[in-house]
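My plan is to look things up one at a time and write down what I find.

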Amino acid sequence: MTFQKEPPHKHGSVGRSAIVLVNLGTPDAPTRSSVRRYLKEFLSDPRVVEIPRAVWWFILNLIILPFRSGQSAKKYASIWTREGSPLRTHTAAQAQYLRGALGERGHQDLTVAMAMRYGSPSLPDVLSKLKADGAERILLLPAYPQYSGTTTGSIYDAVFQHYGSVRNIPELRFVRNYHDHDGYIRALQHSVLNHWEQHGRPEKLVMSFHGVPKRTLLLGDPYHCECLKTARLLATALKLTPDQYVVTFQSRFGKAEWLQPYTAPTVAQLARDGVRRIDVICPGFIADCLETLEEISMEVRHDFEQNGGKEFHYIPCLNESPSWIAALAEIAEQHIIGWPTQMPPSQREQLKQEAEAGRAAALQLGAQD
Ligand SMILES: C=CC1=C(C)c2cc3[nH]c(cc4nc(cc5[nH]c(cc1n2)c(C)c5CCC(=O)O)C(CCC(=O)O)=C4C)c(C)c3C=C
Ligand SMILES: [Fe+2]
Ligand SMILES: [Fe+2]
């Protein structure tokens, strides 16, 4: 192991604190080559696909990437905007608004950055830049309300791996999950109630979460339980009876069984059963992306209508809604307790003086040698 060369430690510095909002990642462009590069990085992560590496290498490089890259690129093209990938634009905007919200709460010199687990801006690049800018404390805030080894766990891996070659590691804190956080549930509730105020109510509310292989649940991944808890809390906040909503799992990948019930067949069955209107919300995604804008709002809408459904409403993700930004600020704030960024200026000044005194003592020690 070789460690990076770093500038000498600065005596007397209080250093900066930073928050990194980390999302999954997205291609740089809706083109075959860009999507291929992104999928290769994403699907090579052993947390995401748990198949023996050698076997998976052949399947990934000879079957998945040649076929899926072009298909997915077309889907990405259908949701791309002038600003780029919706996932990246929303995540960047959320980071910026979060900075503002925390500033208003008195956390003045706090840097808020965004990073992607796959693609750019990459976590190692963002963490290196924060260190170069003098960050001594970093809170990692994954864009996943529900913990899963496949997503949150993989962010931990990337962070630990990055610091494996760093000598002077900052203080690190992680938000593990917020599937049952009051602010998050309230933001979801506001979003649904707003939609219903404008468009009336559906016969059924479908809460669709991203799926994972069922095997991960059997092997101890808490994701399924956390999704069900989010759904139960949201249903309670909306005063829904069990027959007024259903929880489903979308985006199945490959041939193995994933968490059930699957979103698309469930929605088609609802239409065949004579349900005229459904509203679909995706509470596990805090930013609209391919999986919500294309898979739900285009493909699943089509399935519902093809099977006789009359009215399909997609309720957008929390994105930059003020109640969600406030909740994000609350979640962040609960994890940075004790950091100087939330100290009043007088206390901060005292900390600086103590650090200076330490520096003077260290210099004196040096002089005695
Ligand atoms: C192959 C296995 C996959 C697992 C396991 C998985 C879990 C998982 N993913 C999200 C969130 C997102 N996934 C997105 C896209 C996406 N997901 C997979 C595969 C798995 N996901 C693929 C191959 C793709 C790429 C698109 C495609 O080719 O179909 C996205 C959207 C990204 C975007 O650019 O918009 C998100 C967000 C979660 C939360 C999760 C487990 C809990
Ligand atoms: Fe996914
Ligand atoms: Fe469970």
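**Entry 1: the model**

I note at the start that this is a predicted model.

**Entry 2: ligand 1 and its shell**

I looked up which residues surround ligand 1. I found 26 of them, and the closest are T26, R68, S72, Y76 and L290. By class, I read 17 nonpolar, seven polar and two charged residues in this shell. Next I asked which helices supply residues to it. Helices α1 (32-43), α2 (53-79) and α10 each supply at least two. α1 gives the most, with four residues.

Then I went through polar atoms beside the ligand. T26 has a polar side-chain atom 2.5 Å from an oxygen atom of ligand 1. For Y76, a polar side-chain atom is 2.7 Å from an oxygen atom of the ligand. H210 places a polar side-chain atom 3.0 Å from a nitrogen atom of ligand 1. I also checked the cover. On its own, ligand 1 has 800 Å² of accessible area, and the protein covers 96% of it.

**Entry 3: T26**

I located T26 in the loop between β1 (16-23) and α1. What does T26 touch, not counting residues up to four places away in sequence? The list is Y38, Y76, S85, L87, R88 and Y118. With S85, the side chain of T26 forms a polar contact of 2.7 Å. I also compared T26 with Y38, 12 residues along the chain, and their C-alpha atoms are 6.8 Å apart.

**Entry 4: the iron ion**

I turned to the iron ion, ligand 3. Which protein atoms are its donors? They are ND1 of H224 and SG of C225, lying 2.6 Å from the ion. H224 counts as buried because its relative accessibility is 19%, under the 20% limit. C225 is exposed, at 53%, because the limit there is over 50%.

**Entry 5: N61**

I moved on to N61, which sits in helix α2. N61 counts as buried, with 12% relative accessibility. Its side chain makes a polar contact of 2.7 Å with the side chain of K40. Beyond neighbours within four places in sequence, I found N61 in contact with R36, K40 and P66.

**Entry 6: D45**

I found D45 in the loop between α1 and α2. Is D45 buried or exposed? It counts as buried, at 6% relative accessibility. A polar atom of the D45 side chain lies 2.8 Å from the backbone nitrogen of R47. With neighbours within four places left aside, D45 is in contact with R53, R117, Y118 and S154.

**Entry 7: helix α9**

Last, I looked up helix α9, residues 263-272. Its buried residues are T263, T266, V267, A268, L270 and A271. I recalled that an α-helix has 3.6 residues a turn, so residues three or four places apart point the same way. What do the buried residues of α9 pack against? I read β5 (204-210), β6 (245-250), β7 (277-281) and α10 (290-306). After α9 comes G274, and its phi is positive, near 95°.

Technical notes
Residues are numbered from 1 along each chain as its sequence is written. Chains are lettered from A and ligands numbered from 1 in the order in which they are written. This is a predicted model: local features need pLDDT of at least 70, side-chain atom pairs count only at pLDDT 80 or more; totals for chains, interfaces and linings use all residues. Side-chain values use heavy atoms; hydrogens and water are left out. Buried means under 20% relative accessible area, exposed over 50%, partly exposed in between (1.4 Å probe, protein chains only). Contact means heavy atoms within 4.5 Å. Donors are N, O and S atoms within 2.8 Å of the metal (3.2 Å for Na, K and Ca); water is not among the atoms, so sites may look incomplete. A residue is near a molecule or strand if one of its heavy atoms lies within 4 Å of it. A polar contact is a pair of N or O atoms within 3.5 Å; within protein, one must be able to donate a hydrogen and the other to accept it, and residues adjacent in sequence count only if both atoms are side-chain atoms. Accessible areas come from the Shrake-Rupley method with a 1.4 Å probe; for residues, only the protein chains shown count as cover. Ala, Val, Leu, Ile, Met, Phe, Trp, Tyr, Cys and Pro count as nonpolar, Asp, Glu, Lys and Arg as charged, and the others, Gly among them, as polar.
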